[in-house]
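Please read it alongside the sequence and the coordinates.

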Amino acid sequence: MNPTSGKRVLLAKPRGYCAGVDRAVETVEKALETYGPPVYVRKEIVHNKHVVETLRERGAIFVDQTDEVPEGALVVFSAHGVSPAVHQEAAERNLRTIDATCPLVTKVHNEARRYAKQDYDILLIGHEGHEEVEGTAGEAPEHVQLVDTAEDVDKVVVRDPSKVIWLSQTTLSVDETMERVDQLKARFPNLLAPPSDDICYATQNRQVAVKTMAPECDLVLVVGSTNSSNSKRLVEVALQAGAKASYLIDFAHEAQESWLDGVETVGVTSGASVPDNLVMDLLAWLAERGYADVHEVTTANEKIMFSLPPELRRSLKTG
Ligand code: SF4
């Protein structure tokens with residue numbers, strides 16, 4: 001019998017880079033080309049070790065806070081967005097800024113501002129400590145309460161139960177978020193929903209693709225970094241949808257031989273901040289172990305693209 005018979009790989013599509021990540025990475029690349037290094041970047045431009053390392057080698061300097069950037073230098077804000085306080089700090093230090101916040105994160109910021117202006121209590125569903133949540137909450141700190149766990153739902157206190165809206169981080173599990181919304185609705189029947197989905201198209205599409213293939217998989221490998229919210233959610237979604245096991249790895253060499261014991265079908269996907277060459281490395285690693293038969297499972301074709309930040313486009317035009 002052929003020792004590899006029955007072994008196959010299901011490869012999720014869509015996977016990997018979303019439009020917001022593509023734009024953010026290109027922003028730093030173009031800034032390095034246009035202005036020359038060093039280009040400072042506040043926080044990881046996107047949550048992926050490989051991407052950050054590659055840009056660092058090309059002259060990007062990653063800092064945690066704007067006060068680490070020398071006066072007058074150029075700083076790029078990451079795809080996850082920043083609060084108005086960070087913009088203000090940058091202005092006070094005379095920093096030149098390029099804002100690579102994903103337009104879909106900006107959309108949630110705008111919603112937070114709009115409903116705060118109308119004096120709503122805003123219940124922001126998201127993960128405590130995540131940069132995106134800090135940025136969105138910072139738009140209206142007086143009006144926003146973070147709801148992360150089911151226990152947080154009980155702790156919410158609002159001024160007027162008829163003026164409450166929920167918003168969310170863009171990279172959450174769709175199912176888990178709806179659970180949280182149901183719990184909130186049980187407490188606040190008049191709870192308003194965001195005018196359009198806050199969980200972005202890329203997060204949703206990657207979850208749908210994983211959900212579709214996971215029931216057939218003995219193992220699902222997700223390429224992504226441990227600080228990447230949407231990547232971590234893909235592991236959870238795979239397990240909930242029926243995969244027998246699922247692991248998150250940054251690089252192919254982190255995969256363990258023992259995970260393949262008794263495994264016929266391996267599902268492969270990647271988070272929205274992962275370049276596809278890392279997925280190709282994993283497919284090569286699997287092929288060396290008999291999993292060379294790869295079938296793509298396509299659940300959507302993404303065509304969304306975002307133009308570069310206006311401050312960079314202006315320089316490119318005049319440069
Ligand atoms: S995951 Fe969604 S919100 Fe985040 S950068 Fe990508 S498209 Fe934008």
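The points below go from the ligand shell to the annotated residues.

The model is predicted: local features need pLDDT of at least 70, side-chain atom pairs count only at pLDDT 80 or more, and totals for chains, interfaces and linings use all residues. Residues are numbered from 1 along each chain as its sequence is written.

**Ligand shell**
- The ligand has 15 residues around it, of which Cys18, Gly20, Cys102, Thr170 and Cys200 come nearest; a residue is near if its C-beta atom, placed from the backbone, lies within 6 Å of the molecule.
- Two or more shell residues come from each of helix H1 (19-35), helix H4 (103-117) and helix H8 (201-213).
- Helices (H or I, at least four residues) and strands (E, at least two) are DSSP runs, numbered from the N terminus.
- H1 contributes the most to the shell, with 3 residues.
- By class, the shell holds 10 nonpolar, 5 polar and no charged residues (Ala, Val, Leu, Ile, Met, Phe, Trp, Tyr, Cys and Pro count as nonpolar; Asp, Glu, Lys and Arg as charged; the others, Gly among them, as polar).

**Annotated cysteines**
- An unreviewed UniProt entry gives the feature "binding site" to Cys18, Cys102 and Cys200.
- UniProt positions are in the numbering used here, feature names are shortened, and annotations may be inferred rather than shown by experiment.
- Cys18 sits in the loop between strand E1 (8-13) and H1, and is buried because 30 C-beta neighbours lie inside 10 Å (buried: 20 or more other C-beta atoms within 10 Å of its own; exposed: 12 or fewer; partly exposed: in between; C-beta atoms are placed from the backbone).
- Cys200 lies in the loop between H7 and H8 and is buried, with 25 other C-beta atoms within 10 Å.
- Leaving aside residues up to four places away in sequence, Cys200 touches Leu104 and Thr170 (contact: C-beta atoms, placed from the backbone, within 7 Å).

**Other annotated positions**
- The unreviewed UniProt entry also lists "binding site" positions including His130, Thr170 and Ser229.
- Thr170 is in the loop between strand E8 (164-168) and helix H7 (174-187), and is buried, with 28 other C-beta atoms within 10 Å.
- Beyond four places in sequence, the contacts of Thr170 include Leu104, Asp198 and Cys200.
- His130 occupies the loop between strand E6 (121-125) and helix H5 (131-137), and counts as partly exposed because 19 C-beta neighbours lie inside 10 Å.
- Apart from neighbours within four places in sequence, His130 contacts Gln169 and Ser229.

How values were computed:
Two residues are in contact if their C-beta atoms, placed from the backbone, lie within 7 Å.
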